[in-house]
Structure formats: structure tokens, C-alpha cells
Amino acid sequence: MPTLTLQNGLRVIFEPRQTDVVYCGYVVKAGTRNEEPADSGMAHFIEHMGFKGTERRRSFHINNSLERLGGDLNAFTNKQETVYYATILRDFFPNAVDILSDLVFHSVYAQAEINKEVEVICDEIESYQDSPSELIFDDFEAMLFEGSPLGRDILGRSERLREYTTSDALHFVRRWYRPDNMVFYVTGNLRWERIVDLLERHTPKAGEIPPLADRILQPSPLPSMGQRKTVDRHTHQAHVVMGAPTFGGGNPQRYALALLNNMLGGPAMNSRLNMSLREHAGLVYSVDSYLTTYIDTGFWCVYFGCDGHDVERCLKLAGKELQRLIDTPLTPRRLAAAQTQLIGQLRIADANAEGYALAMGKEYAHYGTIRDTDAIVEAIRSVTAEDLHKLATEIYAKDRISTLIYA
């Protein structure tokens, strides 16, 4: 898999695929955790504003740039990155590089556009507030990482957003939107030399990049543990999240953690939580467990929605499944079955070319490693029952678990 660092510091990773469809994008290591304390929602705000005009294009031309060719142009922001990405036929790959580079390096953040777009973002915030099954995850993370940038809402606060100016936007961009803080990823049936040539032409030259402003990533947060909080939101259904801190995405135990999570409450109907809370007890429509991983920390959590009077019973049943993973090591047959299931899900997920390309780009951006599905499979197969038992004993300990309830 070819990789290269351009003279301006931009890292490039490419996986050839025999298809006429190209997936590509910029992973900018600028997310919520990179905001200053007063910059609520700035990373997400910048993502929105990139589509509102560049030095060469107005918003209409941006929105029409790839769509008129049958392609797609989009972006998203999370806690540790902003991604601008495109899907396009290979003949129009130069168009994708042009528009993506223009958005990332040449957006102007005009005040007139800010004044309009900020109301769109405020509407997004209000819509999110009306969705308790989504909002509870943000509130849980705020509880777990209280006082840390990782505990802040990605969307920010409406009152602060309405104060932002062009100067505020440029301050953030000059600090984080630099080639040496990005990765460009691409998959498709392309020539490597062509990719490099296009990026060299459409990205800033090394001498054009102003001196680096002060850019300090805040230290890893120390998560809070063992809390319980109930919030009265007057919802028809109770919503519950329970979970605890784990470790960063580069930790060698990450494959054991993925196995535990998949058995506990992964997407398959045979997960332990689904069998217990839904199939046997009939208390929930859905129950799932999730892993959220950052470069230096992370957490697992379980979510379910149920009738208010069933909350304690559901929590007790979920606790029993966690305790089972602590008390009862897997037999060789059950371990092999769990490994086979996770490997199958991984292989099928990687068949989604767009998802694979994004995962490839994010992994290279944050860890400097090249995604190798075969190596991941071998790592999963090497996990032992003892590994799982030891990890479960640590991360599922009752005194580590925090719980948030929307009643």
C-alpha cells in the first residue's frame, strides 16, 4: 500500500482497487478536543463554514461541484478529527482533489455566511436536544470526562456560536488546518504518480505555510468512575447508559476488548444482552454495547430504553451478564465461536469500500499504521480465554461503572 509525505508535510495513503469508483478525503486532526475552553463547537462550526465559500467558489458551486458528475461531497466532525470526503467515478478524481483541497485550505469564512449558517447549526442543536436516545450519549461522556475537552458537546452552545466571527474561524484554522496535521486517503483504480501530482498542485507549497502558531494538545483526561445520575426529562420511555473507561486505540488489548464487547452487546441478535433483556425477559426493544476509542483513552457503554418501572430490573440483568464474563472464563468452543463471529463481521464491514477507505485514513492519521485486515484477523485469533477473563475482571468491575438515566 503506497504512502508518502509531501514536502509540505501532508501524508498520503493509497490502496489500489479494481473499481471505477474512487473514495478519498482529508482527515484533519482537529476535533472537539482541540478547541480552546471558550471555543465551544468551533471544530464543527468550521466544518459547516467550509461549504459556504472559498477564495474561488461560492456555496452553490461547492454544492454542485461533484453532484453534477454523479458523485458525493460531504464532511463530519467528532471529538478528535474532522473529515472532508468524496465519492466519485475515477475519471473525475481530479475534480474531487480540487474541491476537497479548496475547502480545506482556501475557505474564507465570510461574516455574512457565518451569520446565516450559525442559525442552521443552532437548529441542529435544538433537533438533537429533542432526541434523548442520542443526547444521552453526549451527556454520559460529559459525566465520564468532566472538565476535559472530551466531555464537551461536539455541536457547542448556541449563545457562543452566535458570537463567532471570521477572525475566530481563521484563528482555529491557522492552528490546526495545516498539511502536517492531515492525511489524504484514497482507494480506487488510479495511478499513484497521478495522485501525488494532483496533491502537489492543489495543496500549499512548503514555503507558503505561515509559521506554526502555538498548538498544544491538552493532556489525556482522567475519567470519573462509579457515578450514578438520574435526569428527569419527562420522556415516555426511560433511557439508560452504563459504562466505564478503557484505554486508547493503540493498546494491544484492543482486540480482546472488541471480542468482549461483541459478545456482550454487539450488533448480532445473539449477543448476551439481547438474549437476556429482550428475548428472555421481553423488557426492551433493543440493547447494545459500544466502544468509543480515542488515541489516549476510551470507554465502553451499554444503552437500552425501557419502561420507567423496568429500569432497575434491566440494570440488574445487564449487571449479571457483565458478572458472567468476569466469573466464567470461555471454553475453547465458545472462544472460537466468538472469534469466528467477530472476524466475519470485520470481513463483511471491510467489503464496504467507503467505510474501509475512511477507516484506513483515520488509522494512518492517528497511529501512523497501515490497515491490514489479515493482521487484525490473526490478532483476534491470538486472543486467549485468559486474556478475556483478565480484561473483563478489570473493566467490568462494579466500582468502575457509571450510570446515567433519563427518567
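This is a predicted model: local features need pLDDT of at least 70, side-chain atom pairs count only at pLDDT 80 or more; totals for chains, interfaces and linings use all residues.

Visitor: In which sense do β3 and β5 pair, and over how many bridges?

Guide: Two strands pair if DSSP finds at least two bridges between them. Here β3 and β5 are antiparallel and are joined over eight bridges. Residues are numbered from 1 along each chain as its sequence is written, and side-chain values use heavy atoms, with hydrogens and water left out.

Visitor: What do the names of the helices and strands refer to?

Guide: They are DSSP runs numbered from the N terminus: helices are H or I with at least four residues, and strands are E with at least two.

Visitor: In which order do the six strands of the open sheet stand?

Guide: The order is β1-β2-β6-β3-β5-β4, and the pairing is mixed. At the edges are β1 (3-5) and β4 (72-77), each of which pairs on one side only. Direction ignored, neighbouring strands of this sheet are turned by 15° against each other on average.

Visitor: Which helix packs on this sheet?

Guide: Helix α13 (residues 353-367) does, touching β1, β2 (11-16), β3, β4, β5 and β6. Touching, or contact, means heavy atoms within 4.5 Å. The direction of α13 makes about 150° with that of β6. For such values, axes are lines fitted to C-alpha atoms, for helices over the stretch in contact, and angles run from 0 to 180 degrees between N-to-C directions.

Visitor: Which strands form the open sheet of five?

Guide: That sheet has the order β7-β11-β8-β10-β9, again with mixed pairing. Since β7 (228-231) and β9 (287-293) stand at the edges with a single partner strand each, one side of each is left without a neighbour in the sheet. Strand β9 is joined to β10 (residues 298-306) by seven bridges, and the two run antiparallel. Within this pairing, Tyr290 has Cys301 in β10 as its bridge partner. Helix α5 (residues 132-144) lies across β7, β8 (238-245), β9, β10 and β11 (402-406), at about 145° to β11.

Visitor: How does one describe two packed helices?

Guide: One gives the angle between their axes and the distance between the axes. In this model, the axes of α9 (residues 254-265) and α15 (residues 385-395) come within 10 Å and cross at roughly 75°. The two helices are therefore roughly perpendicular to each other. Angles under 35 degrees count as roughly parallel, over 145 as roughly antiparallel, 65 to 115 as roughly perpendicular and the rest as oblique.

Visitor: Which residues of α9 and α15 meet?

Guide: Ala256, Leu257, Leu259, Leu260 and Met263 in α9 meet Leu388, Leu391, Ala392 and Ile395 in α15. The residues of this contact comprise nine nonpolar, no polar and no charged. Here Ala, Val, Leu, Ile, Met, Phe, Trp, Tyr, Cys and Pro count as nonpolar, Asp, Glu, Lys and Arg as charged, and the others, Gly among them, as polar.

Visitor: How is a pair of aromatic rings described?

Guide: The description uses the distance of the centres and the angle of the planes. Rings of Phe, Tyr and Trp (its six-membered ring) pair if their centres lie within 6.5 Å; planes under 30 degrees apart count as stacked, over 60 as edge-to-face and the rest as tilted. A search of the whole structure finds twelve aromatic pairs. In one of them, the ring centres of Tyr26 and Phe184 are 4.9 Å apart and the planes stand at 70°, so the pair is edge-to-face. Tyr26 lies in β3 (residues 21-28) and Phe184 in β6 (residues 182-188), 158 residues apart. Tyr26, Phe105 and Phe184 form one aromatic cluster.

Visitor: Is Tyr26 buried or exposed?

Guide: Buried means under 20% relative accessible area, exposed over 50%, and partly exposed in between (1.4 Å probe, protein chains only). Tyr26, at 0% relative accessibility, counts as buried. Phe184 is likewise buried, with a relative accessible area of 0%.

Visitor: Where is His44, and which residues does His44 touch?

Guide: His44 is in helix α1 (residues 42-50) and, at 5% relative accessibility, counts as buried. Not counting residues up to four places away in sequence, His44 touches Thr77, Ile121, Glu124, Ile154 and Leu155.
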